[in-house]
Amino acid sequence: MTSATVHETEVLVVGAGPSGCATALSLLNYSGLQEGAVFVVEQSDLGRVRVGEQVSPTLFKFLDYLKLSNEEFIRETCRPSFNGVSYWGSTSANTRESVFTADDTTYQLDREEFDLALIKKVSDLGGVVLPRTRVKSVIRTDDQRWSVELHHPEQGIFHVLADYLVDATGRNASIARQLGIELEKKDNLVGVGCFLSAPEEPGEPFGHVLESCEFGWWYCAHLPNNQMVVSLFADAGLVSSEHLGKIQPWLSYLADTSHLKRYVSGAKVCSEKPWVRNAGSQRLLGHWPDNFIAVGEAACAFDPISSMGIGFAISSGCQAAIAIMAQQKVPTTGAIELYRSDLERIFSEYLETCRTIYSKEKRWEDSEFWLNRAS
């Protein structure tokens, strides 16, 4: 490619995570667009550490819609999670699957396999996937298209002209912020975690464990390949002041847990330092430009306690694609605005649900962490 290279497409999706891929797959499956009419660009090389997530069987309805729920896909990417235990609001174990779902069986995603399988399907259906490609600028042309300048480390600078622009860049919402759209953050929750190799002599069997504590809560789950993931969710201030991004302080906090330490006894840490991820609640506010749409965490991001991450990412991608298709047929239909209104409703309902969940824990009512989430 040269600096003068320009590619034209119907829809440009920025971000190849579950929400971006769900948008692309919905369009490729149902819009009748020709091959090459959907571009998906991804800044990473697809090798970034992806943290697994617990999901409900509702996810399979969306996978059906995306034509992905075949036996091989489910077997390789979704692991049933049985024997869930939570210590929330009490020192006694609650053997329901979690405090945030009533489903009898939940599933632990192998995020690496899940995400890569989605990307492969996009490519198989004729979508153009461009990894290691960074957005340098976004401008609106005189004919109301999107001109996006992209950079690839080997291929250099090139441009894409698109009718529709989709921000699927996750919590950074980098495209929306470039366009001047306000991002409202409700809290400063972060997740700090590590992958562990399961002990050679396993103790008490479990699928996942949830334990609240004075300054936040812990989550641990079994993953494929004899691995476990352990994450502490706390406010960013504590993580910074206690240096929890370093392995020894993090391990010290893990050793101080009342219950979780028993479940991970004998496990070995697989990394030199914990990963740190933004896990707070946030949403886009204000006016969206015409033919722009945000999906997944770029639009609304949720506290992991709600278990809304992947499910919302996939569903929002599907709904965004439906809105785009409706607007393509009838530009004055207002489908994208209706989609945005639906996001507002979902986020409002989520905030109330989140308050209800956190209100179940009353042992540390004077703790700043719990006070911030009680109101």
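**Close-ups around strand 9**

**View 1. A hairpin links strand 9 to strand 10 through 3 residues.** Strands here are DSSP runs of E, at least two residues long, numbered from the N terminus. The model is predicted: local features need pLDDT of at least 70, side-chain atom pairs count only at pLDDT 80 or more, and totals for chains, interfaces and linings use all residues. Residues are numbered from 1 along each chain as its sequence is written, and side-chain values use heavy atoms, without hydrogens and water. Strand 10 covers residues 156-167 and runs antiparallel to strand 9, with 7 bridges between them. Two strands pair if DSSP finds at least two bridges between them.

**View 2. Strand 8 (residues 134-140) runs antiparallel to strand 9.** Here 6 bridges join the two strands. Their hairpin has 5 residues between the strands. One of its residues, Gln144, takes a positive phi near 65 degrees.

**View 3. Glu149 has partners in two strands.** In strand 8, Ser137 stands opposite Glu149. In strand 10, the bridge partner of Glu149 is His159.

**View 4. Strand 9 (residues 146-152) is largely enclosed by the rest of the structure, because 6 of its 7 residues are buried.** Buried means under 20% relative accessible area (1.4 Å probe, protein chains only).

**View 5. The chain around these strands holds 11 helices and 20 strands.** Helices are DSSP runs of H or I, at least four residues long. Of the 375 residues in the chain, 53% are buried. The C-alpha trace spans about 60 × 40 × 40 Å along its principal axes.

Notes. Buried < 20%, exposed > 50% of the residue type's maximum accessible area, 1.4 Å probe, protein only.
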